[in-house]
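Please look at the chain below and follow it slowly from its overall make-up to a few of its individual residues. The paragraphs after it are meant to be read with the structure open beside them.

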Amino acid sequence: MKTSKFLLYAAACLLFVNMKGQTSTGDDSSKKSITFLLPNGEVLKNLDSLENAWGKGQILFKHNEEDDKNGVMHLVKKSSDFKDKETKSKKALADMLHTPAPEFELKDVNGKVWSLKELHGKTVVLNFWFTSCAPCIKEIPELNKLAAEYKDKEVVFLGITYNTQEHVEAFLKKRAFNYVQLTNATETINKYNIFYFPTSFVINKNGIIEGVLEKSETIYHDLKTIIDKEG
């Protein structure tokens, strides 16, 4: 499985990203709006200098929804505890393959309730994301392309996020994401053992997980291959 740049600590509902993931969005306006805070509360102006001090790949960014609204990222050094959680997460995801997908019942941004059990008989593609996740945003055009290609087929595309309905609606006014968007989904995110964002699942017509993909530069091709195999 390819390494992604985002994770969720399920217990604390706090989000982290490493430096490469955060700076790869290609959206200059979003990068300019972010204030990076060191553990002592000081504002950091040069991420490269911190990477040199802490070590390559050792920087994480901690934030919650309130931080997202304020454009704040708290810098944290990767710990051994983080690495242990990462290892356990990868094993948990691997163990989910070819097993029944966890059930969920969530509302979309229009208030409609979506239940996985009611989608049996259709292929279901899930994308776990959040609105300030740079790699999530980067792959949206490919996901939109995929959703358009299967528009008239028995394939359902659902975006799942911990963000609130209002937060997602504000995001969608600026950027199209043509999956059905299910919000306030922290419990479901935990059920699916999501550690990195974005993560996608393909669930077959019998409710069995046939694919789990973390961030991928070839997400369109990777998902299409699994969907077509199920079709």
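Predicted model: local features only at pLDDT ≥ 70, side-chain atom pairs only at ≥ 80, totals over all residues.

Asparagine 204 sits in the loop that runs between strand E12 (199-203) and strand E13 (209-214). Is this residue buried or exposed? Because its relative accessible area is 8%, which is under 20%, asparagine 204 counts as buried. A polar atom of its side chain lies 2.8 Å from the backbone nitrogen of asparagine 206, and, once its neighbours within four places in sequence are left aside, asparagine 204 is in contact with Lys122, Glu210 and Glu230.

The chain has nine helices and 13 strands, and buried residues make up 52% of its 231 residues. If we take the contacts between residues at least 6 apart in sequence, 68% of them join residues that are at least 24 apart.

Two of the helices deserve a careful look together. Two packed helices are described by the angle between their axes and the distance between the axes. Helix H6 (residues 134-149) and helix H9 (residues 219-230) have axes that come within 9 Å and cross at roughly 30°. Since angles under 35 degrees count as roughly parallel, H6 and H9 are therefore described as roughly parallel to each other. The crossing in which H6 passes H9 is right-handed. Which residues meet there? On the side of H6 they are Glu139, Glu142, Leu143, Lys145, Leu146 and Glu149, and on the side of H9 they are Ile219, Tyr220, Leu223, Lys224 and Ile227. Sorted by class, the contact of H6 with H9 has six nonpolar, no polar and five charged residues.

Tyrosine 150 is classed as buried because its relative accessible area is 3%. Not counting residues up to four places away in sequence, tyrosine 150 touches Val155, Phe157, Lys224, Ile227 and Asp228.

Leucine 126 belongs to strand E9 (residues 123-128), and it is called buried because its relative accessible area is 0%. From C-alpha to C-alpha, leucine 126 and leucine 158 are 4.9 Å apart in space, although 32 residues separate them in sequence. When neighbours within four places in sequence are left aside, the residues in contact with leucine 126 include Phe104, Leu158, Ile160 and Tyr192, as well as Thr199, Ser200, Phe201 and Ile203.

Glycine 211, which is found in strand E13, counts as buried because its relative accessibility is 4%. Its contacts, again leaving aside neighbours within four places in sequence, are with Leu97, Ser200, Phe201, Val202 and Ile226. Between glycine 211 and threonine 225, which are 14 residues apart in sequence, the C-alpha to C-alpha distance is 9.9 Å. Another glycine, glycine 71, lies in the loop between helix H4 (65-70) and strand E6 (72-77), and its relative accessibility of 13% is the reason why it counts as buried.

The last stop is the backbone itself. Most residues other than glycine have a negative phi, and most peptide bonds are trans. Asparagine 184, in the loop between strand E11 (180-182) and H8, has a positive phi of about 50° although it is not a glycine. Asparagine 193, found in the loop between H8 and E12, likewise has a positive phi, near 55°. Asparagine 193 is described as partly exposed because its relative accessible area is 29%. The loop between helix H8 (186-191) and E12 also holds proline 198, and the peptide bond that leads from phenylalanine 197 to proline 198 is cis, with omega near -5°.

Conventions. Residues numbered from 1 in each chain as written. Heavy atoms only, no water. Helix = DSSP H or I, 4+ residues; strand = E, 2+ residues; numbered from the N terminus. Buried < 20%, exposed > 50% of the residue type's maximum accessible area, 1.4 Å probe, protein only. Polar contact = N/O pair within 3.5 Å; in protein donor to acceptor, adjacent residues only side chain to side chain. Contact = heavy atoms within 4.5 Å. Axes fitted to C-alpha atoms, helices over the stretch in contact; angles between N-to-C directions. Parallel < 35°, antiparallel > 145°, perpendicular 65-115°, else oblique. Left-handed = near helix turned anticlockwise from the far one by under 90°. Nonpolar A, V, L, I, M, F, W, Y, C, P; charged D, E, K, R; others polar.
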